[in-house]
Amino acid sequence: MKFITAIFFVGCVLVGLVSFRPSQLNRMAPISARADTVKIDKETGLIDDSNLMMVKSQCTACHSSKLILQHRFTRAGWVERIRWMQKYHKLWDLGESEKVVLDYLEKNYGPQTGESRAAFRRAPLKKVEWYKLN
Ligand code: HEC
């Protein structure tokens, strides 16, 4: 009986090994790694563009970049978040960098821009023409 169990076990391992395809690992990659048109910064997971360094230095000192990755706001929405952190969480005055940071956030993490266009649900349709079914 033990012999049969051993054969069965070895069989399972072999089937597992034979059906393993490294290409399948890609499918398990996070959304951010799938979009091949955008470059992703390895360290933070944020979209890499010319303003990334500023965002990294101003926005990842207190918390993980995941807090940015998890949100999509309009420019006004991002300003609101920044003011909120300044009021309650000791975020400093960003001075001239604020514009750079907001340009980056609006471009890459707006509700309908950058990565979100590909990864999230589209905006509701606006001018829908309804017709009667007979
Ligand atoms: C001085 C520290 C500090 C810095 C620097 C900082 N934050 Fe925050 N931020 C916080 C704290 C504290 C929270 C609240 C975390 C929590 O709720 O667990 C927060 C929360 C957030 C949230 C979540 C807001 C929500 O509605 O839940 C976002 C988005 C965010 N930060 C983005 C940014 C961005 C963008 C920058 C760069 C401009 C930044 N943070 C820089 C302290 C900071």
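This is a predicted model: local features need pLDDT of at least 70, side-chain atom pairs count only at pLDDT 80 or more; totals for chains, interfaces and linings use all residues.

Student: Happy to. How many helices and strands are there in the chain?

Tutor: The chain has 8 helices and 0 strands. Read from the N terminus, the order of elements is α-α-α-α-α-α-α-α.

Student: What percentage of the residues count as buried?

Tutor: Of the 134 residues in the chain, 9% count as buried.

Student: Now the pair of helices. How do I describe the way they pack?

Tutor: In general, two packed helices are described by the angle between their axes and the distance between those axes. Here, take α6 and α7, the latter covering residues 97-108. Their axes come within 9 Å and cross at roughly 130°.

Student: Which residues make the contact?

Tutor: From α6 come Arg75, Trp78 and Val79, and from α7 come Leu102, Leu105 and Glu106. By type, the residues of this contact are 4 nonpolar, no polar and 2 charged.

Student: Let us turn to the ligand. Which residues come nearest to it?

Tutor: There are 15 residues around the ligand, and Cys59, Cys62, Leu67, His89 and Leu91 come nearest. The shell divides into 9 nonpolar, 4 polar and 2 charged residues.

Student: Which helices supply at least two residues of that shell?

Tutor: These are α4 (52-59), α5 (66-69) and α6 (75-88). The largest share, 3 residues, comes from α6.

Student: And the single residue you promised?

Tutor: First the general idea: most residues other than glycine have a negative phi. Lys90 has a positive value, with phi near 60°.

Student: Where does Lys90 lie, and is Lys90 buried or exposed?

Tutor: Lys90 sits in the loop between α6 and α7. Lys90 counts as exposed because it has 8 C-beta neighbours inside 10 Å, and the cut-off for exposed is 12 or fewer.

Note on methods: Residues are numbered from 1 along each chain as its sequence is written. A residue is near a molecule or strand if its C-beta atom, placed from the backbone, lies within 6 Å of it. Helices (H or I, at least four residues) and strands (E, at least two) are DSSP runs, numbered from the N terminus. Ala, Val, Leu, Ile, Met, Phe, Trp, Tyr, Cys and Pro count as nonpolar, Asp, Glu, Lys and Arg as charged, and the others, Gly among them, as polar. Axes are lines fitted to C-alpha atoms, for helices over the stretch in contact, and angles run from 0 to 180 degrees between N-to-C directions. Two residues are in contact if their C-beta atoms, placed from the backbone, lie within 7 Å. A residue is buried if 20 or more other C-beta atoms lie within 10 Å of its own, exposed if 12 or fewer, and partly exposed in between; C-beta atoms are placed from the backbone.
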